[in-house]
Amino acid sequence: MKATIKSLPQRPAWKSLAEHSRKIGKLHLRELFAEDARRGERFAAEAAGLYLDYSKNRITDITLELLLQLAKESELLARTDAMFSGERINLTEHRAVLHVALRAPRAASILVDGKNVVPEVHAVLDKMANFSNRVRSGQWVGQTGKRIQNVVNIGIGGSDLGPVMAYEALRHYSERRMRFRFVSNVDGIDFVEATRDLDPAETLFIVSSKTFTTLETMTNAQTARDWLLNGLGGDRSAVAKHFVAVSTNAEKVSAFGIDTANMFGFWDWVGGRYSMESAIGLSTMLAIGPENFRAMLSGFHEMDEHFRTAPFEQNLPVLMGLLVVWYTGFLDAQTIAVLPYEQYLKRFPAYLQQLTMESNGKHVTLAGKQVRYDTGPIFWGEPGTNGQHSFYQLIHQGTRVIPCDFIAFGHALTPLGRHHDMLLANVFAQAEALAFGKTLAEVKAEGTPDWLAPHRVFEGNRPSNILLAERLTPVVLGKLVALYEHSVFTQGVIWGINSFDQWGVELGKALAQRILPELEGATEPNLNHDSSTNQLIRRYRQVRKTI
């Protein structure tokens, strides 16, 4: 689908937003709430079991109207339809973008080049379910006949961040007799610590690499293979009992020693950071079981349908995406803080870092033209209340505008006395404090000395969203992930960029392949890098000799 719309700075709504932002630049949330007693009710939306309060954002009715108009001028609806219908909207790689097909119901029809891909998706899901049930029941055993107690997922990027996040998020629902570990970093410490206390006879490795050539993943996989064989007496046939693959390269999988009957495939129309609900999620299914995994997929699909069909003014992903565009484009916000008040979501901000920044960290448009506006803010965060005793100081009293997404749940999965009430009190209090702050007059009225008063002033006017759900379930996790996926898509459409390639990760990887033999070679290499890199290589080679 070729872009035919005007460049972003030329769209009427963008020009109007620029003028509008200058008019309301100093407007404070105190004033907005004072002028509208129902603001907290009006600037809210609810869908798919998620409640979004976006009233504490620095927007007016006019702001929202212009942002919604910008979405229309950017042809967001047409681009959404193109994605859901299987058009090759990933122009630089000439691929469809169909992570939505991974969670489509069995009876759905989604076409790629005229072929319905949904049956293939469910065939893989059924194969995953069969395998998971065999492992979880003890029917699948290792080389010595021992039951599998440990699962180690080896991957990197989307093959790691999604499974890690989902396991931690849904640990409450996991099979507690089993241990799940994740290895991604090529730093050997990662592998050593993940396997230090494991029995090879009870350990299953999942190697996730589409091509089975990813440098970090295959380096760790070879180390895992050596570790296993060393622990089981060197019998190479043990590999087939203790390794499975998520890949499409049957030849290399077989050469590694993995039975290709235990190879789980996926498709080039699924980007790595959008793949946690595909075979990449095999470790998740092993942990929580096929029924819970399919419940998670139903949550994804419910949010997909909401995004696809709901009017923009009631559409949660659209509203959240438009707010990111507003803050990055007009209020000079460089980062977004994601603050889940739920310990199980401790890896959710890290997961969103890849989803958002690998998707929208782009400096050219779909047409290959240099962008003249900010794209892709930095996403970061930690669970509450830990962050309150860390970086919240900067959010409250620093010099930068940092919009915040607070995520909270009405019920605790592990009720314990007053803990959950205290947790939720902190969510609501932080959002209130950020929005309204404390004036100099209020500080002085508390009896604070004049010299100290300025230090205790909170300017307020710090924007935030609050996302509320009943409780963290597999269904709700699917909805949350899909919500952010489609928010990222909304942003990318408006910025006119390709949210589905990631060429920025390639250059460093290619250079590493060139440098590696220069580090390991027995003879002094002929170095042709810059003077800094040349000197660092020489320095490392000298240190390496002292081992």
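The model is predicted, so local features need pLDDT of at least 70 and side-chain atom pairs count only at pLDDT 80 or more, while totals for chains, interfaces and linings use all residues. Residues are numbered from 1 along each chain as its sequence is written, and side-chain values use heavy atoms, with hydrogens and water left out.

**The sheet and its helices**

Helices (H or I, at least four residues) and strands (E, at least two) are DSSP runs, numbered from the N terminus. Let's start with an open sheet of five strands, in the order β6-β5-β7-β8-β9, with parallel pairing; two strands pair if DSSP finds at least two bridges between them. At the edges are β6 (179-183) and β9 (263-264), each pairing on one side only. Strand β8 (residues 243-246) joins β9 in the parallel sense over two bridges, and A245 has M263 in β9 as its bridge partner.

Two helices lie across strands of this sheet. Helix α8 (residues 188-195) lies across β6 and β7 (203-208), at about 170 degrees to β6. Helix α9 (residues 215-231) lies across β5 (150-154), β6, β7 and β8, at about 160 degrees to β7. Axes here are lines fitted to C-alpha atoms, for helices over the stretch in contact, and angles run from 0 to 180 degrees between N-to-C directions.

**Two crossing helices**

The axes of α4 (residues 61-73) and α14 (residues 316-330) come within 10 Å and cross at roughly 105 degrees. The two helices are therefore roughly perpendicular to each other (65 to 115 degrees). In contact terms (heavy atoms within 4.5 Å), T63, L64, L67, L68, L70 and A71 of α4 meet L319, L322, V325 and W326 of α14. These residues divide into nine nonpolar, one polar and no charged. Nonpolar covers Ala, Val, Leu, Ile, Met, Phe, Trp, Tyr, Cys and Pro; charged covers Asp, Glu, Lys and Arg; the others, Gly among them, are polar.

Most residues other than glycine have a negative phi, and most peptide bonds are trans.

| Residue | Phi | Relative accessible area |
|---|---|---|
| H94 | near 50 degrees | 55% |
| N461 | near 65 degrees | 9% |

H94 sits in the loop between α5 (76-84) and β3 (111-112), and N461 in the loop between α18 (440-445) and β13 (464-469). Is each one buried or exposed? H94 is exposed, whereas N461 is buried (buried is under 20% relative accessible area, exposed over 50%, with a 1.4 Å probe and protein chains only).

Finally, the peptide bond from G384 to T385 is cis, with omega near 10 degrees. T385 belongs to the loop between β11 (378-380) and α16 (392-397).

Note on methods:
Angles under 35 degrees count as roughly parallel, over 145 as roughly antiparallel, 65 to 115 as roughly perpendicular and the rest as oblique.
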